[in-house]
Amino acid sequence: MGHPKSANITATISKISLEQRERRNRHRGCVLWFTGLSAAGKSTIANELECALFAKGMHAFVLDGDRIRHGLCSDLAFSPHDRQENIRRVGEVAALFAQAGFICIAAFISPYRADRSLVRNMNDGNFYEVYVNAPLSVCESRDPKGLYEKARHNEIKNFTGISAPYEPPMNPEIELRTDKLAVSEAVERILRHLKKWRVVKGR
Ligand code: ADX
């Protein structure tokens, strides 16, 4: 939580503890933070993982850049400042989901290390960074929304990888090379890590 502008506010604490929620859910709450270039595969893997967890009876929910930018963050564009604010808001929402006992899967380019480290700090102990990594050339050849082509023709400004920076994670908990892994393999890798971290049960 940040430094509120409003005075005279008191945070009330829920009568239900996180442990109670986790006992009922039979898994822990956490944030899986997917970062990577546009078209690296963040949303695809996030949605498949959500389905796999849901099928196992778990509480999982995807927060996705394209969706959130239609609502909560519809006032933001792609300047460094707007991206920072986007990630700050989403980090707070993801933290609330984790406190509610969910496995919250956040899929955002989140190009700046400083912003990602801020959201890690909002979620102490239950934050896992997943670097969804494909070379720029591969993302550009996929170009599912035609955005790279527009960016190359200067029709989109500040486009990540072309005219705006992407700072790769130094120490992500997981790195997925999506030019080498199938979506199902990427999902399996994450599920194995969730067990290893004891977010979910099983070996
Ligand atoms: S972030 O940088 O603030 O984390 P976010 O993940 O919310 O970005 O949104 C990225 C999505 O917005 C991309 O998948 C793409 O569809 C779209 N988009 C539109 N303009 C840009 C841009 N200039 N740079 C990156 N993505 C853009």
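View 1. Buried stands for a relative accessible area under 20%, exposed for over 50% and partly exposed for values in between, computed with a 1.4 Å probe on protein chains only. In a regular strand, side chains alternate between the two faces of the sheet. The count for β1 is 6 buried residues of 6. Helices (H or I, at least four residues) and strands (E, at least two) are DSSP runs, numbered from the N terminus. The model is predicted: local features need a pLDDT of at least 70 and side-chain atom pairs count only at pLDDT 80 or more, while totals for chains, interfaces and linings use all residues. Residues are numbered from 1 along each chain as its sequence is written, and side-chain values use heavy atoms, with hydrogens and water left out.

**View 2. An open, parallel sheet is formed by 5 strands in the order β2-β3-β1-β4-β5.** β2 (60–64) and β5 (174–177) are the edge strands, each pairing on one side only. On average, neighbouring strands are turned by 20 degrees against each other, direction ignored. Axes are lines fitted to C-alpha atoms, for helices over the stretch in contact, and angles run from 0 to 180 degrees between N-to-C directions. Pairing requires at least two bridges found by DSSP between two strands. Strand β1 (residues 30–35) runs parallel to β4 (residues 127–133), joined to it by 5 bridges, and L32 stands opposite Y128 in β4.

View 3. Contact here means heavy atoms within 4.5 Å.

**View 4. Strand β3 pairs with β1 and with β2.** The β1 and β3 pairing is parallel, over 5 bridges, and L32 has I105 as its bridge partner in β3. β2 and β3 also pair in the parallel sense over 5 bridges; D64 is partnered by A107 in β3. In β2, 4 of the 5 residues are buried.

**View 5. The ligand has 19 residues around it, of which R69, R83, N86, S110 and K145 come nearest.** A residue is near a molecule or strand if one of its heavy atoms lies within 4 Å of it. Polar contacts are pairs of N or O atoms within 3.5 Å; within protein, one must be able to donate a hydrogen and the other to accept it, and residues adjacent in sequence count only if both atoms are side-chain atoms. From an oxygen atom of the ligand, a polar side-chain atom of K145 lies 2.8 Å away, an N or O atom in the side chain of D66 3.2 Å, and a polar side-chain atom of S38 3.5 Å.

**View 6. P135 sits in the loop between β4 and α6 (136–142).** With 28% relative accessibility, P135 is partly exposed. Not counting residues up to four places away in sequence, P135 touches R177 and D179.

**View 7. The whole structure has 0 disulfides.** A disulfide is taken as a pair of cysteine sulfur atoms within 2.5 Å. The sulfur of C51 has its closest cysteine sulfur in C104, 15 Å away, which is too far for a bond. C51 is partly exposed at 48% relative accessible area, whereas C139 is buried at 0%.
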